[in-house]
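This briefing covers selected local features of one protein chain. Please view the sequence and the structure together while reading it.

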Amino acid sequence: NRLLALSKIQDSVVRVIDQTTDNLLSDLKNKEQLNISLLIESPSDLRTFILKRFLSKNGLKKIRQTKLLEILRQVITAGEESNPLILVDDWEIRRFQGQVLLRKKPNITSEVFECDLSWNPKNILRLPWGELKIQTGKTAGISNTLLTNCNFTVSFRKGGERFHPHDRGHSTSVKKLFQEWKCPPWERSKI
């Protein structure tokens, strides 16, 4: 009888914690990003529950308590400029610009980034993580005359590249553009 009573109490406590964390998570602008400040400003006893609920709602259902504590330690104590990576099964958990990010680990080998691709810009270049296509316009972009009967060579970043956006008077390093656009560092090599 005592075990049954304790079981009911435990069920009630779990329900209250789930409702509390759901209420906190419902205020997130982007449901796939957890603001670090929410974790820091929450009572320390509630942090693991918030993180676990966030991860569960985004697809990572089973995670051990020791791993949750390790994730909290790394994302909360990491410096503003550091981007820790925590692997859990086939998931990546990262910190970037004050957010905890969760995504499936990409199934892409590094050899993809080491080769050059020939591309006819009249077609769409499909890659495992997206596609590249050219949209022509009258005010900006690539001239239609350049697109006639030509192939482009597509290669991935090696560092030191520069780009001259049409709305700027000068070229800018691609690295600075990525920083302006808030592109995570681990995504930059795929461009």
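Just after helix H3, Gly59 adopts a positive phi of about 115°. The model discussed here is predicted.

**Helix H3**
- Helix H3 comprises 14 residues, 44–57, which at 1.5 Å a residue should span 20 Å; the end C-alpha atoms lie 21 Å apart, in agreement with that expectation.
- Its buried residues are Leu46, Thr48, Ile50, Leu51, Phe54, Leu55 and Ser56.

- Six of the six residues of S3 are buried, so the strand is largely enclosed by the rest of the structure.
- Trp91, Ile93 and Arg95 point one way from S3, while Glu92, Arg94 and Phe96 point the other way; all are buried.

**Pairing with S2**
- Strand S2 (residues 85–88) pairs with S3 in the antiparallel sense, over four bridges.
- Val88 has Trp91 in S3 as its bridge partner.
- The hairpin of S2 and S3 has two residues between the strands, and in this hairpin Asp89 takes a positive phi near 55°.

**Pairing with S4**
- S3 also pairs with S4 in the antiparallel sense, here over six bridges.
- Within this pairing, Arg94 stands opposite Leu101 of S4.
- Two residues likewise lie between the strands in the hairpin of S3 and S4, where Gln97 takes a positive phi near 50°.

**Arg95**
- A polar atom of the Arg95 side chain lies 2.2 Å from the backbone oxygen of Val75.
- Leaving aside residues up to four places away in sequence, Arg95 touches Ile36, Val75, Ile76, Ala78, Gly79, Glu80, Ser82, Asn83, Pro84 and Trp186.

**Thr172**
- Not counting residues up to four places away in sequence, Thr172 touches Glu161, Arg162, Phe163 and Leu177.

Definitions and conventions: Residues are numbered from 1 along each chain as its sequence is written. This is a predicted model: local features need pLDDT of at least 70, side-chain atom pairs count only at pLDDT 80 or more; totals for chains, interfaces and linings use all residues. Side-chain values use heavy atoms; hydrogens and water are left out. The expected span of a helix is 1.5 Å times one less than its number of residues. Buried means under 20% relative accessible area, exposed over 50%, partly exposed in between (1.4 Å probe, protein chains only). Two strands pair if DSSP finds at least two bridges between them. Contact means heavy atoms within 4.5 Å. A polar contact is a pair of N or O atoms within 3.5 Å; within protein, one must be able to donate a hydrogen and the other to accept it, and residues adjacent in sequence count only if both atoms are side-chain atoms.
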